[in-house]
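Let's take a look at this chain together. Please have the sequence and the 3D view ready.

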Amino acid sequence: MPVQRLNHAVLYVRDVERSVAFYRAALGFEVVMGMRGAAFLQAPGSSNDHDLGLFEIGESAGSSTAGRTSVGLYHLAWEVDTLAELELIAATLGDLGALVGASDHGTTKALYAKDPDGLEFEVSWLVPAALLTDETLAARSSIRPLDLTADKERYGAQTRGGVGVSIPV
């Protein structure tokens, strides 16, 4: 049996309460279980037991050097259903001072942000299979600035992304 999808991710953080507050405010995650030094969060609309585990290792923990001086995980990516949701999250991440980038990868419209410990994550919307064109597929070979206004005009603000791509038809 092949792997079907990512069930959850686990992060080491300096302060679990600070990280819980951030992921709640930034992405709407809710705590489904917690214990001293750990929390398990679920994304809105998820049927997973939990989507994100956080384990506290203390304020003296060093920053991750992954990708700069060592191998390691670059980022996690969460998918949203609509461009309207992506736009809302972009504003929220901007208000939190966490948004560090926004890119158009042709078939994927992506936001990049950092949590309070500097761990990077992505929030993206995928062009549904029925709307993929040769032009859109060819655009995967370059990265352009994200233009949510133009993308909402082209695809619709409420069009469900990922259908036929990451979401079965």
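## About the model

This is a predicted model, in which local features need pLDDT of at least 70 and side-chain atom pairs count only at pLDDT 80 or more, while totals for chains, interfaces and linings use all residues. Residues are numbered from 1 along each chain as its sequence is written, and side-chain values use heavy atoms, with hydrogens and water left out.

## Overall fold

You will find 4 helices and 9 strands in the chain, counted as DSSP runs (H or I, at least four residues, for helices; E, at least two, for strands) and numbered from the N terminus. Starting at the N terminus, their order is β-α-β-β-β-β-α-β-β-β-α-β-α.

The C-alpha atoms fill a box of roughly 50 × 35 × 35 Å along the principal axes. Of the 169 residues, 40% count as buried, that is, under 20% relative accessible area with a 1.4 Å probe, protein chains only. Contacts (heavy atoms within 4.5 Å) between residues at least 6 apart in sequence join residues at least 24 apart in 60% of cases.

## A closer look at α4

Helix α4 spans residues 148–155, and its buried residues are L148, D151 and Y155. Seen down the helix axis, these fall within an arc of 60 degrees, so they line one face of α4; the arc is that of the directions from the axis to the C-beta atoms.

After α4 comes G156, with a positive phi near 95 degrees.

Technical notes. Buried means under 20% relative accessible area, exposed over 50%, partly exposed in between (1.4 Å probe, protein chains only).
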